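Please examine the structure shown below before reading the report. The text is meant to be read alongside it.

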Amino acid sequence: KLHKDCLIIVAGNTPKESSISNELPSPFMNRIIHLQVEPATVDEWVDYMNKKYPSWDRRILAFLKKYPEEFMKLPTSEDGEILNTCSETYPTPRSWTNLAVLDKNLVTELAPNIVGNKTGNRLKAYLSTKIPTIEELEKDMTNIWKSLSVSQKHLVNSSLVSEKPERVWRIFKEMFRIDKEFAFSLLTILDKNVKQFIAEKSSLEDPDMFTEMVTNINEVKSILKGDK
């Protein structure tokens, strides 16, 4: 017998979302509280990945920021009904996680096998985009950054994740000066220790930048409160 204060929680997909789910008996449905949970967004998935996996391929985040429509595509028929069988895999938060935690050398090769041919090949083409080295950016950040496409900028941000905090700070403060949107985007994908480093550096070296960061970025507010 369960304790009187124990709650039983059940979770499942509706027939609209899953071809292998079934309607539940009416008496049972009348005895429970129904909570509709929306699918995860890209940002929520990123938050989950950052908390659970110390190291994952953030180039995938750059791709999903550019093409959010590729985040989840359930297999459907021509009239839009979800299929209960399919001939290949497809992109979901689960399959993106499976891909993102692989060795980076395997991501491009196995992408079509994990997130489906169409999405996987689109990712492969995206990852083949050439980007400047960090050394080149340090020498001429302003001119190089202005010449980059949106895809290249996202890839540069993902490449900065593996750099040392001091180096990230040098690039970040220049990026903040010429492209605040991407500077804020970079903050959201950095490790919490690097975020802390940037928050401390900006408070000491550029108070105006620090003030704007605190005003606009919840991540920085959480860091300063010690929440993350």
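**Overall fold**

The model is predicted. Along its principal axes, the C-alpha trace spans about 65 × 45 × 30 Å. The chain has 228 residues, of which 36% count as buried. Among contacts between residues at least 6 apart in sequence, 59% join residues at least 24 apart.

**Packing of helices**

Two packed helices are described by the angle between their axes and the distance between the axes.

| Helix pair | Axes come within | Crossing angle |
|---|---|---|
| H3 (residues 59-66) and H4 (residues 93-100) | 10 Å | roughly 145 degrees |
| H3 and H8 (residues 150-160) | 8 Å | roughly 150 degrees |
| H5 (residues 104-115) and H6 (residues 117-127) | 6 Å | roughly 160 degrees |

The axes of H3 and H4 come within 10 Å. On the H3 side, the contact is made by Ile60, Phe63 and Leu64, and on the H4 side by Trp96, Leu99 and Ala100. By class, the contact of H3 with H4 comprises 6 nonpolar residues, no polar and no charged ones.

Helix H3 also packs against H8, with axes that cross at roughly 150 degrees. Angles over 145 degrees count as roughly antiparallel, and H3 and H8 are therefore roughly antiparallel to each other. Their crossing is right-handed. Here H3 contributes Arg59, Ala62, Lys65 and Lys66, which meet Val150, Ser151, His154, Leu155 and Ser158 of H8. The contact of H3 with H8 has 3 nonpolar, 3 polar and 3 charged residues.

The axes of H5 and H6 cross at roughly 160 degrees, and these two helices are therefore roughly antiparallel to each other. The crossing of H5 and H6 is right-handed. From H5, the residues Val107, Thr108, Ala111, Pro112 and Val115 take part; they meet Asn117, Thr119, Gly120, Asn121, Leu123, Lys124 and Leu127 of H6. The contact of H5 with H6 divides into 6 nonpolar, 5 polar and 1 charged residues.

In soluble globular proteins, nonpolar side chains tend to be buried together. The largest nonpolar core of this model has 49 residues, and those that touch the most other members are Trp45, Trp96, Leu99, Phe172, Met175 and Ile198. Trp96 and Leu99 also belong to the contact between H3 and H4. Leaving aside neighbours within four places in sequence, Met175 is in contact with Met141, Trp145, Asn157, Leu160, Lys180, Phe182, Ala183 and Leu186.

Ser147 lies in helix H7 (residues 134-147). With a relative accessibility of 56%, Ser147 counts as exposed, because the cut-off for exposed is over 50%. Ser147 and Ala111 are 36 residues apart along the chain, and their C-alpha atoms are separated by 29 Å.

Val37 is situated in the loop between helix H1 (26-29) and helix H2 (42-52). Its relative accessible area is 67%, so Val37 is exposed. Between Val37 and Ala11, which are 26 residues apart along the chain, the C-alpha separation is 9.6 Å.

Key
Residues numbered from 1 in each chain as written. Predicted model: local features only at pLDDT ≥ 70, side-chain atom pairs only at ≥ 80, totals over all residues. Heavy atoms only, no water. Axes fitted to C-alpha atoms, helices over the stretch in contact; angles between N-to-C directions. Helix = DSSP H or I, 4+ residues; strand = E, 2+ residues; numbered from the N terminus. Contact = heavy atoms within 4.5 Å. Nonpolar A, V, L, I, M, F, W, Y, C, P; charged D, E, K, R; others polar. Parallel < 35°, antiparallel > 145°, perpendicular 65-115°, else oblique. Left-handed = near helix turned anticlockwise from the far one by under 90°. Buried < 20%, exposed > 50% of the residue type's maximum accessible area, 1.4 Å probe, protein only. Core = buried A, V, L, I, M, F, W, Y, C linked by side-chain atoms within 4.5 Å.
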